[in-house]
Amino acid sequence: MDVDTKPPGSESGDKPWLDQKAKPFIRIDGVTKKFGEFTAVDNVSLDIFKGELFALLGGSGCGKTTLLRMLAGFETPTAGRLFLDGQDMTELPPYERPANMMFQSYALFPHMTVEKNVGYGLKHEALTDAQRKDRVKELLDLVQLTPLAGRKPHQLSGGQRQRVALARALAKRPKVLLLDEPLGALDKKLREQTQFELINIQYKLGVTFIVVTHDQEEAMTLATRIAVMDRGLIRQIGTPTEIYEFPRTRFVADFIGSINIFDGEVKSVAKNKVTVAAPALGADVIVEHTGTMPAPGAKVSIAVRPEKIAIERKEPGADATGNTIAGKVIDLGYFGKDSLYRVKLPSGTMVRVNAVNSRRADENERVAVWEDNVWLTFAPSSVIILTE
Amino acid sequence: MAALAPAPQAVQGDESHLPKAHSWRQWLDREAWRKTIIAIPYLWLLFFFIAPFLIVLAISAGTSQVGIPPVIWKSTFPFGTLDNYVFLTQDDIYWQGYLNSLRNAAISTFFALLIGYPMALGIARASSTWRNVLLLLVILPFWTSFLLRVYAWIGLLGNTSWFNRGLTSILATFFPFWVTGDHIQMMNTNFAVVLGIVYSYLPFMILPLYATLEKLDRTLDEAAMDLGSKPWEVFRDITLPLSLPGIIAGAMLVFIPATGEYVIPSLMGRGDSPMIGRVLADEFFQNRDWPVASAVAVALLAVLVIPIMIYNFFQAREARRSAS
């Protein structure tokens with residue numbers, strides 16, 4: 001394989017999507033796919049840049065796999081166009097597309113050896129036999145499967161099969177690699193390790209990856225950018241940090257990670273500060289907010305991630321900054337490195353609080369236990385205002 | 001971390017929390033019952049296949065006589081003789097009979113595969129509602145007597161039938177140099193035999209093929225197509241090799257009975273070069289030479305069984321090799 005030592009997309013900086021002049025490598029332009037009455041993908045437009053590791057994230061039936069299958073050529077869009085490297089490939093059959101796919105089930109050919117599987121796509125390339133052999137060897141080295149070249153798929157473990165599938169999909173040096181739940185069939189330990197292998201390979205080869213996954217952790221660790229999909233629509237596109245810390249809609253906030261969401265009404269708006277009355281919290285919440293300011297009186301949702309709330313048994317002093325509310329611990333989940341508390345507020349609302357157990361303590365010395373009256377504090381900058 | 005605490009999960013297969021089974025259930029579940037149920041068909045085979053076969057084998061080692069039974073054995077060791085088998089090699093009619101049978105069976109198997117494969121593939125790829133209808137249509141001819149269907153073909157192929165006449169006039173219009181006259185001789189030819197066999201045994205080809213093709217993982221086709229194979233290359237590289245077990249099963253189900261076929265060649269075939277089933281029947285009923293007839297039957301079984309055993313041997317070796 002050509003080892004590209006330059007970071008992917010270095011010509012246009014690390015974040016080509018921020019560059020107004022950058023040309024997208026893959027352009028999905030108003031694509032809709034209907035199966036009968038059911039709209040699987042609804043007027044989706046999306047630009048993906050060269051060298052990106054882009055993730056399509058969503059629950060089952062959100063249209064992410066259909067979108068990927070349209071990119072591979074297994075489904076034809078009902079409307080819209082697909083471009084790859086400037087070439088319209090909407091009507092191209094799968095076997096003419098410079099895109100290869102790694103299937104969720106791996107779809108290894110059971111009657112062929114590892115070597116034959118990896119080399120299958122090369123039959124159609126204009127290569128000499130020696131070149132073909134070399135290419136297969138390079139790929140097997142890349143995924144560390146050279147000693148198993150003569151095995152059949154049923155003689156391999158799940159992780160080995162996954163690597164054969166990856167090598168096979170990379171064999172033709174595709175312009176874009178489509179990965180359908182690439183780690184879905186692996187167990188948790190193996191998944192973590194493979195995740196980083198995948199990133200390393202992607203970085204080494206500089207191939208654009210599009211990954212479909214329902215696993216948000218997978219998407220967060222793998223991807224340069226994530227598109228969160230729901231019912232055929234893209235709800236938000238952004239880097240993992242943007243998606244997690246600055247969700248734009250209630251759906252995205254709720255879908256990614258765990259979050260406390262409360263209904264509220266904007267009371268007053270100052271410079272970068274919004275005060276929201278939240279009846280469920282029994283208090284006004286001060287929110288640090290930039291960008292478009294909501295109008296006073298607007299109905300909004302406010303959201304706080306559980307790990308951004310501090311929990312204490314002592315009432316914070318008057319000098320404490322941030323929002324403070326009182327409650328009672330109802331449930332406690334101890335996970336070792338952290339604990340999850342469910343705190344009931346006087347209004348009856350439950351708040352989830354996630355605290356790292358940074359101090360070694362036995363059961364009697366815990367921060368808080370069941371039935372404890374506690375105070376929760378969270379900074380104005382930790383609160384998200386959701387208008388949608 | 002959606003759940004506060006993992007819910008206690010029931011261990012699968014652990015039924016210790018269930019009430020104990022009643023004694024009559026335990027009695028029904030006993031291993032002995034399973035063995036009994038498996039034993040019944042084997043006993044059936046033992047009594048109605050192995051035992052008669054041993055009798056035939058014994059007769060084939062005897063000498064024919066005029067009397068009842070029309071066979072006699074030597075009174076001294078080894079009691080039997082191989083003369084009947086030697087005799088099979090001396091008269092042309094026997095080996096020609098075998099050859100006719102094997103050739104007609106092979107040709108029929110080939111055409112059954114040629115016709116059956118696309119049908120099986122079509123059924124396997126049809127929507128699930130259509131699939132059952134199409135399968136039913138394949139099995140439908142079995143609801144009519146086999147003999148009746150053969151006679152129907154005789155009626156169609158005969159020189160004076162509307163079918164023969166119509167076909168002849170159509171062919172004569174398009175290929176005037178090739179087809180002349182008002183009919184084509186179709187009855188009492190090898191063509192008629194092959195046609196009859198292909199028609200009668202086609203379901204036996206289609207059903208195992210369908211069973212194999214229906215189970216094939218279609219994502220393999222997509223993977224091959226994704227890697228640059230056009231649809232016919234996908235068929236050549238993926239579908240065809242993976243359906244080989246179905247092809248072999250279907251081919252055997254057609255080839256084996258077709259080799260020993262008696263009714264179709266007797267009714268539709270040529271009288272001057274009979275297939276082995278006809279030779280065998282004539283030996284029994286016309287010549288009343290039971291020992292030679294039995295030798296013909298045993299030799300036929302050997303002709304059919306030995307290639308299958310060789311095939312199975314290699315299959316098993318291949319399976320062992322790929323498993324290690």
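The crossing of helices α6(B) and α8(B) is right-handed, a crossing being called right-handed if the near helix is turned clockwise from the far one, and left-handed if it is turned anticlockwise, by less than a right angle. The structure is a predicted model, in which local features need a pLDDT of at least 70 and side-chain atom pairs count only at pLDDT 80 or more, whereas totals for chains, interfaces and linings use all residues. Residues are numbered from 1 along each chain as its sequence is written, while chains are lettered from A and ligands numbered from 1 in the order in which they are written.

The axes of helix α6 (residues 146-157) of chain B and helix α8 (residues 190-215) of chain B come within 11 Å and cross at roughly 140°; here axes are lines fitted to C-alpha atoms, for helices over the stretch in contact, and angles run from 0 to 180 degrees between N-to-C directions. That angle makes α6(B) oblique to α8(B), since angles under 35 degrees count as roughly parallel, over 145 as roughly antiparallel, 65 to 115 as roughly perpendicular and the rest as oblique. Helices and strands are DSSP runs numbered from the N terminus, a helix being a run of H or I of at least four residues and a strand a run of E of at least two. From α6(B), the residues Phe146(B), Val150(B), Trp153(B) and Leu157(B) meet Ala192(B), Leu195(B), Gly196(B), Tyr199(B) and Ser200(B) of α8(B), where two residues are in contact if their C-beta atoms, placed from the backbone, lie within 7 Å. The residues of this contact comprise seven nonpolar, two polar and no charged ones; Ala, Val, Leu, Ile, Met, Phe, Trp, Tyr, Cys and Pro count as nonpolar, Asp, Glu, Lys and Arg as charged, and the others, Gly among them, as polar.

A second pair of helices in chain B, α4 (residues 92-125) and α13 (residues 276-286), packs at an angle of about 140° with axes 7 Å apart, which makes α4(B) oblique to α13(B). In this pair, Ile93(B), Tyr94(B), Gly97(B), Tyr98(B) and Ser101(B) of α4(B) meet Ile276(B), Gly277(B) and Val279(B) of α13(B), and the contact has five nonpolar, three polar and no charged residues.

Chain A is divided into domain 1 (10-98 + 174-251) and domain 2 (258-386), with bounds that come from an automatic or database domain assignment. The centres of the two domains, taken over C-alpha atoms, are separated by 34 Å.

Within chain A, strand β1 (residues 26-35) and strand β2 (residues 38-48) pair in the antiparallel sense over seven bridges, two strands being paired if DSSP finds at least two bridges between them. Phe35(A) has Phe38(A) in β2(A) as its bridge partner, and in the hairpin of these strands, which has two residues between them, Gly36(A) takes a positive phi near 65°. Strand β1(A) is also joined by five bridges to strand β4 (residues 79-84) of chain A, the two running antiparallel, and Asp29(A) stands opposite Arg81(A) in β4(A).

Five strands of chain A form an open sheet with antiparallel pairing in the order β15-β19-β16-β17-β18. Strands β15 (310-312) and β18 (350-356) of chain A stand at the edges, each with a single partner strand, so one side of each is left without a neighbour in the sheet. Between β16(A) and strand β19 (residues 373-378) of chain A there are six bridges in the antiparallel sense, and Gly327(A) has Val374(A) in β19(A) as its bridge partner.

Another open sheet of five strands in chain A has the order β13-β12-β11-β14-β20, again with antiparallel pairing, and its edge strands, β13 (283-288) and β20 (384-386), each pair on one side only. Strand β12 (residues 273-278) of chain A pairs with β13(A) over six bridges in the antiparallel sense; Val274(A) is the bridge partner of Val287(A), and Val276(A) that of Val285(A). These strands form a hairpin with four residues between them, and Gly282(A) in the turn has a positive phi of about 70°.

The contact between the chains takes 21 residues from chain A and 19 residues from chain B. On the side of chain A that touches chain B, the elements that give two or more residues are β6 (99-102), β16 (323-334) and β17 (338-344) of chain A, and this side has 10 nonpolar, seven polar and four charged residues.
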